[in-house]
Amino acid sequence: MKKFRLLMQYLHGSGRTYIFAIISVLLMTVFSALSPLIIKFTVDSVIGDNPVDLPFGFDRLIEQIGGIESIRSNLWVIFVVIVAITVLQGTFMFLKGKLSAVAAQTSSKRMRDRLYNHLMRLPFDYHVKAQTGDIIQRCTSDIETVQNFVERQSVDAIQIIFQVIIVLSIMIPISLKYTLISIVLIPIVFVITVRFFINMMKIFIQTDEAEGVMSAALQENLTGVRVVKAFGAQKFEIEKFDEKNDKYRKLNLKIVKLMADFWGGTDLICMLQHALVLIVGTYWATQDIISIGTIIAFSIYAGMMVWPLRGLGQMMGFMGQAFVSLGRISEILDSQPEDYHKGLKDIPIQGEIVFDDVYFEYEKGKPVLDGISFRIEKGSTVAILGATGSGKSSLVHLLFRLYDYQKGHITIDGVELSDISREWIRKNIGIVLQEPFLFSRSIYENIRIGDDVKDEEKVYEAARIASIHDSIEEFESGYKTIVGERGVTLSGGQRQRIAIARTVAKDVPILIFDDSLSAVDTETDSQIRQALKERSKDTTTIIISHRITTLAEADKILVIDKGKIAEEGSHEELISRNGIYKRIWEIQSSLGEDIA
Amino acid sequence: MHFEEQEYSKRFDLETFKRLLVFAKPYKKEIIVLIIQMVLLALVDAVFPKLNQYAIDLFAVNHSLDGFWIYCLIALGLVVFQAANVRLMILNAGKVENSIPYDIRKAAFNKLQELSIAYCDRTPVGWIMARLTSDVKRLGVTLSWHLVDFFWSIFLIVIMTVMMLITHVGYALLVLSVVPFLVIISMIFQKIILHNFRKARRLNSQITAGFNEGITGAKTIKSLSIEGHMLNEFKDLTSEMKNFTVKAATISSIYTPIILFLGSIATGLVLWKSGAQIGENAISYGTIVVFSSYAVQFFEPVKQFARVFTELQYTQASAERVVTLLDTENDIVDSPEVTERFGQMFDSNREEWPKFVGDIEFRNVTFRYKEGGNILENFNLKIKAGETIALVGETGSGKTTIVNLACRFYEPTEGSILIDGLDYRERPLLWVYSNIGYVLQEPHLFSGTVKENIAYGRQNATMEDIIEAAKIVNAHDFIMNLEKGYDTEVGERGSRLSTGQKQLISFARAILSDPGMFVLDEATSSVDTETEHLIQDALHKALAGRTSFIIAHRLSTIRSADRILVIDKGRIIEEGNHKQLIRKKGYYYRLYTNQLIEEQGKMAFEA
């Protein structure tokens, strides 16, 4: 029942289109079931001289238009009726195809958008822990599985069931005995088919896995080509790949064998059913129990049940898959997104930041920040120094509201951080991450990204500040150069500088560099900081770095160790104390003499 | 070479197909039998309506049972025969479908092992993967199922036409009059349908890429607060997909109704004309039945034929790409003289191999890649056996090229490289390769166990050898701490191990194969201090007594090298040991001090 609810949720908004698609299916099926009746009528009553025995009041209709005689003298009527019925059948068939596509595609589009939106809104923590490949599979192939089910399988299944009902209701009044003969073998085929495909799922999955293993071996070989060559291991690799290649082939051949038995076997039963209809019908016709037209009609009707019901069996074998996929999709949608809009917005942000006894832990009992307090004046530059795992990145995460602190207070211009909406905070704080991610589009688009930067000149200015403008101009296509997978390969420093430009272009009161200046050399680092200062004196800047030259120029330096502030003060103040900072400074500044 | 995906080929190139027929050759028997089976299948399919005709005309109309039981036996016999034939046909086609891709994959993989590093460097891995997966699969399907559909549809069309003409020329012409329309419409629609299908696949992969970007870039998207912007862009993509697929579905939904309409015209005409003639005994009941079935039955083979015809164009494109791969000229091979003396590349006669001492000389070496200018020009360098050379310089300076040439991953464009006094082109490739110990900055492990990875360069190594190698490089302890020790699976490309662990294993692997020459492309990525010490120690053991090239980043490594070469634009601009170069106060001095500042900053906390 939960599954059904999921399906309804999927179809939500396209329900009406889907229902019209179903209605089209029903009408189409009605008309397709009429054609054999016309043939029977023509053969038995028009050409032959049996009395008219059409169901659904058609016999009376014929009386009214002048009886069988008038049809005999106007034979074109039969032609017109046959073509007209087919046109109607075709029209509804078209509507069915079109409407079910509209319903399924609209639902899928909505579901894709919803998934994408949801993923964007999920908390940072989710993305840190998530398995990218698995999520992508849920968003793509699982959606496709459900879409196929909605667009084709479910509609076809309804069509088949309805077709069987209509056909049976035409056949039974004509001859119950003959009807039973015409369907006697069908249940066997149906059950065999359902069971066969349920069992096949296992071997299908095995084969997919074998293919995956084979592809992985190929990929490893190609990416590790230097290792393969350097160890002269080609022959070994060939044998290894052949083993996987062969395993994949053997599994496929196993499927082929099973399939051959299945299709051969069920074909036999289905064709026997046909033969049975023909043989018994003919025998009864010689005894005058049924008419010739009935044999013809029943032969066609049997065909309208035998093969589709085998198809239905196949669909039912696969149906479980669609529901498994639905479940996997809803698992993503069920995870709680972060509240993006709740809280204050549109309040002016100047850039004064105060941490007051802040406590934070990812896992219970393992504090990452353990009572941190400090103050950052508006417009000042603060540098943070700390070892890996000291908590400096967590500090930035908190400020950005990627995580929420458990104890203490963080205020911006006196307003408690957790009262301000995430949206507003992130619009007012710019952060350059340690490992920048560039989007696969032009450099220009990468810097301009978002809707905030409208002015073209802003983009160039940001690039100049990030010391990347000249390098970009040197590229063949300049700012139009595409980066990312399908574009040029940029060096780490270039990527980092584009990321800096992108953040700078946002023109925000608070800027954070999360160890992001270390990928550029010392000189460029200093140039960038200089340019930033020149642009705006009011920007509050937080820089995480190991570079003493960078640290020394900050207004204030925070040394963080094991979740606590170990030292705090200006460069001069800190070197007058005997602490970590002084030790590092001494090592680095004495280098000149030491190495010579 | 260009890697743009050409979707389908406009012209039909017989040469390409002939090249592929080589792969079909081992299955000549199966394919011929398959064709015969299709003739029989089509024949029986066409005969079934005739069975109806006989049943009605001979027995039902005449109220006679003369020969009825024989008739039944024949009908049942045909049914059993047809089902048996279907089963054998599937077995046969399935065998061809899966065996040909297996063969091509095997041949292509062998080819790839022979091809030079240069080829692998300029060919994206994804391109090769696609050739050996989807393209090869398509070839298999074409040489089996498309072939089946093709022959079945042609035979069925021909046989049905003949049957109709034999049964009644007049009605045959009536039914056949709609066939040209059927064929033209099917050709047009099948082409559109298949092209739309391919385009939908392309759009779909764009959506996948969109999801991928959204997920891997989630952190950045949050940091820039551009969720709304990204969503809008994504929505454009999904809207395009939706509009296109709905349009495509609309077009393909018209196809079957049109075909049914044509069929109904034929059926209607038969009924109309026959009604008038049956009284005159010009046509029997059975004949009406036959013709009304044929009018409907014609649709399927025509549709199949049109489909296969369109599919062939795509297969042609796949075939061209696969042939490109298989026909790639190998630019680094053993010379005929070498082959004559030492045997084929992978079966080189190791007993004949000379000992590898390790003197290496670059003599007037000029090198350029296929495209672009010279990377090295008249480069000269002499290295004594056992010497450790550190290469220092910026990205693109040519240090990797020097190592690639020394390893014979590439060969000089001009000039020569001598190993132990002889141009290495006069030695077997495998001899050079087998004497290289190679450790990459991103250590490349293969899926499999730790044991298998260490033994990679020496398959016949005993467990004792493996443990000894691991102990030398300080890997033994952490390996024993793994869940299953040496039998622990390392995961795809070693994903279950840390970078430091992977490096230690790759050192063990290099040591076990006991190479005469050692190459290290050193990592810039930092590992924790303790592992760092282990790696340094392993490194020294690996280098001992071997000619070594190190593309160096760590100061301690650089400092301990016998000779440091500072490379800039393909030239050695500074050369000497650490002390000499520091005194020079040149490029090396600057580089060294900068580097030291970085390293000290990080290490101060851990001191």
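Which residue of β9(A) does I384(A) stand opposite? Read on to find it among the strands of chain A.

## The model and its domains

What you're looking at is a predicted model. Chain A is assigned domain 1, covering 1-166, and domain 2, covering 353-595. Take the centres over C-alpha atoms, and domain 1 of chain A and domain 2 of chain A come out 59 Å apart.

## A sheet in chain A

Chain A has an open sheet of six strands, and the pairing in the sheet is mixed. At the edges sit β6 (429-432) and β10 (564-569) of chain A, each with pairing on one side only. On average, neighbouring strands here are turned by 15° against each other, if you ignore direction.

Strand β3 (residues 381-386) of chain A pairs with strand β9 (residues 556-561) of chain A in the parallel sense, over five bridges. Opposite I384(A) stands L558(A), in β9(A).

## A helix across the strands

Helix α13 (residues 392-399) of chain A lies across several of these strands: β3, β6, β7 (510-514), β8 (540-544) and β9 of chain A. Its direction is at about 150° to β7(A).

## Where chains A and B touch

Chain B puts 124 residues in contact with 116 residues of chain A. On the chain B side, helix α9 (residues 227-277) of chain B gives the most, with 30 residues. As for what that side of chain B is made of, the residues split into 67 nonpolar, 42 polar and 15 charged.

Methods:
Residues are numbered from 1 along each chain as its sequence is written. Chains are lettered from A and ligands numbered from 1 in the order in which they are written. This is a predicted model: local features need pLDDT of at least 70, side-chain atom pairs count only at pLDDT 80 or more; totals for chains, interfaces and linings use all residues. Domain bounds come from an automatic or database domain assignment. Two strands pair if DSSP finds at least two bridges between them. Helices (H or I, at least four residues) and strands (E, at least two) are DSSP runs, numbered from the N terminus. Axes are lines fitted to C-alpha atoms, for helices over the stretch in contact, and angles run from 0 to 180 degrees between N-to-C directions. Two residues are in contact if their C-beta atoms, placed from the backbone, lie within 7 Å. Ala, Val, Leu, Ile, Met, Phe, Trp, Tyr, Cys and Pro count as nonpolar, Asp, Glu, Lys and Arg as charged, and the others, Gly among them, as polar.
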